[in-house]
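Have a look at the fold before reading on.

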Amino acid sequence: MISTKQIKEKSVENLLSLITEYDIYKFYIGPEFCLGCNISSPLRVGDGNPSFSTFKGPKGLKWKDFGTGKSGDFIEFMKEKFGLSYLEVLNKLYVDLDQIKSQAVPYYFFPGIQVKREIKIKKRDFTKFDLDYWQSYGSNQQILKKYEVSGLKKYWLIEGSKEMAFTCIKDNPVYSYHYGSNFYRLYAPFDSNYKWRTNSGSEILQGWNQLPLEGEKVILSKSLKDIMCLFGQGYTACGPQSEHTIIPETTIANLMSRFKEVIVFFDNDRGGIEASKRYERYNFKSVFLPSGSKDISDYYKEFGENKTKLILKEIL
């Protein structure tokens, strides 16, 4: 039971210190709720063509009903669903608070994904070396912050009762990609033995949390480094853990409903070309860099920003 002492005032800030936006959507939408999926609209009766989606936006979980064009945050959802004013919505949420809390579940990037290996990290400030390294691939400090990339001082890998601690050294920096909740991918660019460590599954798309509500086009790329490079040049992108990872149908449907065009931009090698063919059945356009250039972040490093802008304008 939530006591009145825990609720100093009925505000959104206090509410979200007790429950999450995920809990609210799940409680009021019901068992059909699925973050990142298209479902029948809970705001309209008889929606036979699933056209309602909830997803993580730049500032919290958002929703959109593609049948009506309406969208917003959880407050707007409640206003639309129950015909309430802002203050009435807050009051209802506090009245239902104990019930919502009793049904709360851990919030993962996509529902149903379980963390098999726990990763804990201790961050450090970026050094000049770090910033120069990432800038050489087209990503400045603001982009790194947006995509939740951090330099690490130390990290721990935990599986059951086994825990291993690793201290990061200056000559072999390790960076963490945070995908939401407890999901991380660790990147050690100069380590030939342990370049990657992760506890994220194939269901998680890199750059998904940074996508806008909707737009003209979104690019599927195979690495966060490329996704960030593309963002720095004004393009919206996300992508699987690798070119050979199969993106779930529900995620493809979500992208198609939010963006007018989806473009596949994988590496210009045998693996990338073969992997891009998987998306031909969706009529997605595939593009590649000129022969001799593998991916866009490496192209940026080799040729610089001006030539990168020109080649992107040419192929996209």
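## What counts as a hole

On a 1 Å grid over the protein atoms alone, a cavity is a set of points where a 1.4 Å probe fits but cannot get out, while a pocket is an open set with protein on both sides within 12 Å along at least five of seven lines; a residue belongs to the lining if it has an atom within 4 Å of a point. Grid points are joined across faces, edges and corners, and a volume is the space filled by probe spheres set on those points.

Some ground rules come first: this is a predicted model, where local features need pLDDT of at least 70 and side-chain atom pairs count only at pLDDT 80 or more, though totals for chains, interfaces and linings use all residues. Residues are numbered from 1 along each chain as its sequence is written, and side-chain values use heavy atoms, with hydrogens and water left out.

The structure has two cavities of 30 Å³ or more.

## The largest pocket

Now for an open space: the largest pocket has a volume of about 380 Å³. It is lined by 20 residues, with Y187, K195, W196, K222 and S223 closest to its centre. Two or more lining residues come from each of β9 (183-187), α8 (224-232) and α11 (296-303). In these names, helices (H or I, at least four residues) and strands (E, at least two) are DSSP runs, numbered from the N terminus.

Which element gives the most to this lining? That would be α8, with three residues. By class, the pocket lining has seven nonpolar, four polar and nine charged residues.

## Helices that pack

α8 and α11 pack at an angle of about 60°, and their axes are 7 Å apart. Axes are lines fitted to C-alpha atoms, for helices over the stretch in contact, and angles run from 0 to 180 degrees between N-to-C directions. The two helices are therefore oblique to each other (under 35 degrees is roughly parallel, over 145 roughly antiparallel, 65 to 115 roughly perpendicular and the rest oblique). K225, D226, C229 and L230 in α8 meet I296, S297 and Y300 in α11, where contact means heavy atoms within 4.5 Å.

Helix α3 (residues 74-82) and helix α4 (residues 86-95) have axes that come within 9 Å and cross at roughly 95°. That makes α3 roughly perpendicular to α4. On the α3 side, the residues in contact are F74, I75, M78, K79 and F82, and they meet Y86, V89, K92 and L93 in α4. This contact has seven nonpolar, no polar and two charged residues.

Definitions and conventions:
Ala, Val, Leu, Ile, Met, Phe, Trp, Tyr, Cys and Pro count as nonpolar, Asp, Glu, Lys and Arg as charged, and the others, Gly among them, as polar.
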